[in-house]
Structures are given as C-alpha cells and as structure tokens.
Amino acid sequence: MISFSIKEITKLVNGEQIGLCTDEIYAPEQIENAVKGNVTFIGNSKYARLWEKSNASIAIVSQGIKILPGEGRAFVKVKNVDLAMAIILEVFEPESPFFETDIHPTAVIDKTVKLGSGCKIGANSYIGKNVVLGDNVIIYPNVSVFDDTTIGNETIIWSGTVIRERSKIGSHCIFHTNVSIGADGFGYRPSSDGSHLVKIVHIGNVVIGNGVEIGANSCVDRGKFSSTILGDGCKIDNLVQIGHNSVLGRSCIMAGSSGLAGSVTLGDGVIIGGSASIKDHVTIHSGAKVGAGSGVIADVEAGKTVLGYPACDSREKMKQWVAIRKLARN
C-alpha cells in the first residue's frame, strides 16, 4: 500500500506545514468520513467547522482559513486547495484495469488497420477498415471503431463506446463508458404530401482535438455537410448532447445533461452549466458562462454570464426574480 509522510505531502503540493503529525498518510478522504491516516481538504470556511470532529490526520487547507490543526495533527497551507487535491488524488490513483495480452484474441481488427506501438485492445472490440491508431492508444473491451477513423497517441477509450466512420480523434483524449461519436445528426423534414417525415442524411464527420475528455453516455453527432468540431482541451460531462455541425473552441466545459442543438458555436473557454439548453445556430462567444438549467435562444457576448429561460444577463435575471417574489408576497 502506497503511503506518504507529512513532509512528502507538503512537498508534493508546494505547501507550508503547520503543526506536527507522525502518521503515515495512505489515502485521501472527504472530511466527514476521514479516519486516522487520511488526508482531507478544507477549501472554504463551511468545511473548517467540521475539522474538530474529523478523524483525519492532516488537511490541505486554504491559506485564508484561520483555524489550528490541534495536537498530533497537521495542516498543509496552500493557495489553491482544488489544485492541491488534484495532485493528491493523482498520486493515490489506483492502477488501471489489467490487460493480460495487449491485443485480446477475441478482438476483431481489419487487416488494413495501422496500429501504433504500445496499443492495447480489449476483448470483443471491433476496429474497422483503414482505421489508424497512434502510439499507446488503449481500447477497453466492447468498443467499436468504424472505418477510416484516426485516433491520436495516448488516447483512452472505455467500454461501450462507439466511434463512427471517418471520425478524427486527437491525442491524450479520454472517452468514458458508452460515449457515442459520429452518429447521424437529428434532421427530418415533412414529405411533399405531408404523409411522413423525410430523413436528412448527414455525410460529415466529427473532429475532436487533443486533451478532450467526454463523460459517460454523452453523444457528439456528425456534421450534415462538414464537421462537428471539439477544440483542444474541452471537457464534457456525462449525458451531454452535442448536435450536428456544432463547433466548440478551446477548453470549453459542458456540465451534465446540457445540450447543444445543431450548428451552435462556442468560443474559447465557454462554460455551460448542467441541464442548460442552447438553441440551434446560436453563438456563445469566448469566456461566456451559461447558468445551470438556462435556455439560450440568442447569441451571448464574450465574457458575459447569462441565466434563466429565456437566458439573459444574470444580474438582470436576479432582479426579475426578486421583483416577482415581491409581487407574489403582495
């Protein structure tokens, strides 16, 4: 079992040790559940009040919090507790599932596939015609990668994921379980006689940059004509829908159950809150934020925060809600 001393923890997070603790630290844990030998985290004052009753040996604490660790326990003061937590969780991360053989004998791999060095492909996965996998790509069991797709170096594809034909995936990406890449976009029109709906075929593809992470059960649909694009560093939560021909800039964040209709454009660093919905052909410019549960039906200026349905400036929306409450009381 891996463990660290208080001095080693302090060095890892580049912090300042307060107090003395001789316990070896073998796991991180949330403050309410922590026991002796655990490190926990106090990022703001609402957690500080829980420290006295916690059994944790040490805590990573924000510099602005004014409490003492107590006898036999210690703090490590840091500027940013969340970033320190990320470091601690990484060093305690358990090993990934074991591959007994790099290429499982039940995997079906077309003879035209080009495999980079160090690739691993799990049981019952399917790799189609003319697929190119970069170095050290890991494909867990029961993944399908269809024809003419390329996947960059060090990308990890978890079980149940389906990557449709002609997709282009960058390096150092992570696709969690049951991700869908490149399914048809949602497009139908009434027939000329009105008797049924005519399916609009989508002949484009999906292009995903480097360092993109997509959560479980999320979907990125292929473009109608050209590409649906996710820029470098985008982070997509579980149960997210990205419609056909949408274009995301660099380092966008979409929280769970949010969705983009077709042809939405996000600038760099846009943040979409959970369960927010964005109308088709809307542009949300760089640095803008959309509050959870909001419905965006018009373009959003760079750096602006919008809230509500229909979404508008967050401060204006808060004023509206206050006014409505006052009216309701009367």
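**Salt bridges and burial**

Mentor: Let's start with a pair: Arg-164 and Glu-165 form a salt bridge, with their closest N and O atoms 2.9 Å apart. Keep in mind that this is a predicted model.

Trainee: What makes Arg-164 count as partly exposed?

Mentor: Its relative accessibility is 25%. Buried means under 20% and exposed means over 50%, so Arg-164 falls in between, as partly exposed.

Trainee: Where in the chain do Asp-184 and Lys-199 sit?

Mentor: They form a salt bridge too, the closest N and O atoms being 3.1 Å apart. Asp-184 is in the loop between β18 and β19, while Lys-199 is in strand β20, 15 residues apart. Both are partly exposed: Asp-184 has a relative accessible area of 30%, and Lys-199 has 40%.

Trainee: How do you know whether Arg-315 and Asp-313 are buried or exposed?

Mentor: Arg-315 has 62% relative accessibility, so it counts as exposed. Asp-313 has a relative accessible area of 18%, which is why it is called buried. The two still form a salt bridge, with the closest N and O atoms 3.7 Å apart.

Trainee: Which residues are linked in a network of salt bridges?

Mentor: Arg-164, Glu-165, Asp-184, Lys-199 and Arg-222. The structure holds eight salt bridges.

Key:
Residues are numbered from 1 along each chain as its sequence is written. This is a predicted model: local features need pLDDT of at least 70, side-chain atom pairs count only at pLDDT 80 or more; totals for chains, interfaces and linings use all residues. Side-chain values use heavy atoms; hydrogens and water are left out. A salt bridge is a side-chain nitrogen of Lys or Arg within 4 Å of a carboxyl oxygen of Asp or Glu. Buried means under 20% relative accessible area, exposed over 50%, partly exposed in between (1.4 Å probe, protein chains only). Helices (H or I, at least four residues) and strands (E, at least two) are DSSP runs, numbered from the N terminus.
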